[in-house]
Amino acid sequence: MLVLLGVLVVVAGFATRRNPLLVVGAAGIVTGLLGGLTPREVLAAFGTGFASSRSVTIFAVTLPVIGLLERHGLQEQARAVVTRFAGLTAGRFLALYLLLRQLAAALGLNSVFGHAQTVRPLAAPMAEGAAERRHGPLPDRAREKLRSFAASADNVGLFFGEDVFLAVGSILLITGFVNTTYHAHLEPLSLALWAVPTALCALVIHGWRLLRLDRTLGRPPAGGRGRPDGPGRPGRSDRPDRPSPEESVA
């Protein structure tokens, strides 16, 4: 039971908003030491895990490439492309991205989309371009809200879509644990099929939230003064100056 104290280290670190890399590293060290490993064995376990998961170093290649593309106008081109489709709003575009992300994850293509390679350089700018074409220049609060919804579309699509794939790590872990501990014969296909209704519910619920985003972006802020002054209803700045009582008396 003492080995589970590493989970408390993770919870405490995230609750105090510490660096995630340091929190996970400290939790691994605590778990290894409480599990009876020597400091040398803990360090060897970290090295073995890093060497066997070389995909974690892919960012060293993708990050400079994305940076060069953005410097040469990737986001501007993404905005220009989305403005060509008159009926494509920000909510509809993000709902479409949610569907594509979930379908790709269900097929095991988790790295096709993602925050670094798709959301920041492409999905978020295209959603902003669609919103600006319909609502005009966006305030900072609406722009940040739009970016957060773009990130949520990627998260929800990946989280609920990858469980439909038979060879995903979570499915294999569950089937292996159940079959070994309870001597059952649970097949990965059974778990994948039971994940389909949950994935469909997530698609419908979050897709509906994304479609409602267009309505909230066009809504004036709570502290606003309502509709702007239109023709035939001049504002105070358009009305001719009236003399004050003191000037009329004079």
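Keep in mind that the model is predicted. The chain has 12 helices and zero strands. Of its 250 residues, 26% count as buried. Now contacts with a separation of 6 or more: 68% of them join residues 24 or more positions apart.

H8 runs over residues 140–161, 22 residues in total. From first C-alpha to last it reaches 32 Å, close to the 32 Å expected. Which residues of H8 are buried? The list includes Ala 142, Leu 146, Phe 149, Ala 153 and Val 156. Arg 143 and Asp 154 are buried too. And what do the buried residues of H8 pack against? Five helices are on that list: H5, H6, H7, H10 and H11.

On to the rings. There are two aromatic pairs. Take Tyr 97 and Phe 113. Their ring centres lie 5.4 Å apart and their planes stand at 85°, so this pair is edge-to-face. Tyr 97 belongs to helix H6, while Phe 113 sits in the loop between H6 and H7, 16 residues apart. Both are buried.

The other pair is Phe 159 with Phe 160. Here the centres are 5.0 Å apart and the planes at 80°, so again we call it edge-to-face. Phe 159 counts as exposed, because its relative accessibility is 52%. Phe 160, at 26%, counts as partly exposed.

Last stop: Trp 208. Arg 212 lies over the face of Trp 208, 5.0 Å from the ring centre.

Note on methods. Residues are numbered from 1 along each chain as its sequence is written. This is a predicted model: local features need pLDDT of at least 70, side-chain atom pairs count only at pLDDT 80 or more; totals for chains, interfaces and linings use all residues. Side-chain values use heavy atoms; hydrogens and water are left out. Helices (H or I, at least four residues) and strands (E, at least two) are DSSP runs, numbered from the N terminus. The expected span of a helix is 1.5 Å times one less than its number of residues. Buried means under 20% relative accessible area, exposed over 50%, partly exposed in between (1.4 Å probe, protein chains only). Contact means heavy atoms within 4.5 Å. Rings of Phe, Tyr and Trp (its six-membered ring) pair if their centres lie within 6.5 Å; planes under 30 degrees apart count as stacked, over 60 as edge-to-face and the rest as tilted. A charge sits over a ring if NZ of Lys or CZ of Arg is within 6 Å of the ring centre and within 35 degrees of the ring normal.
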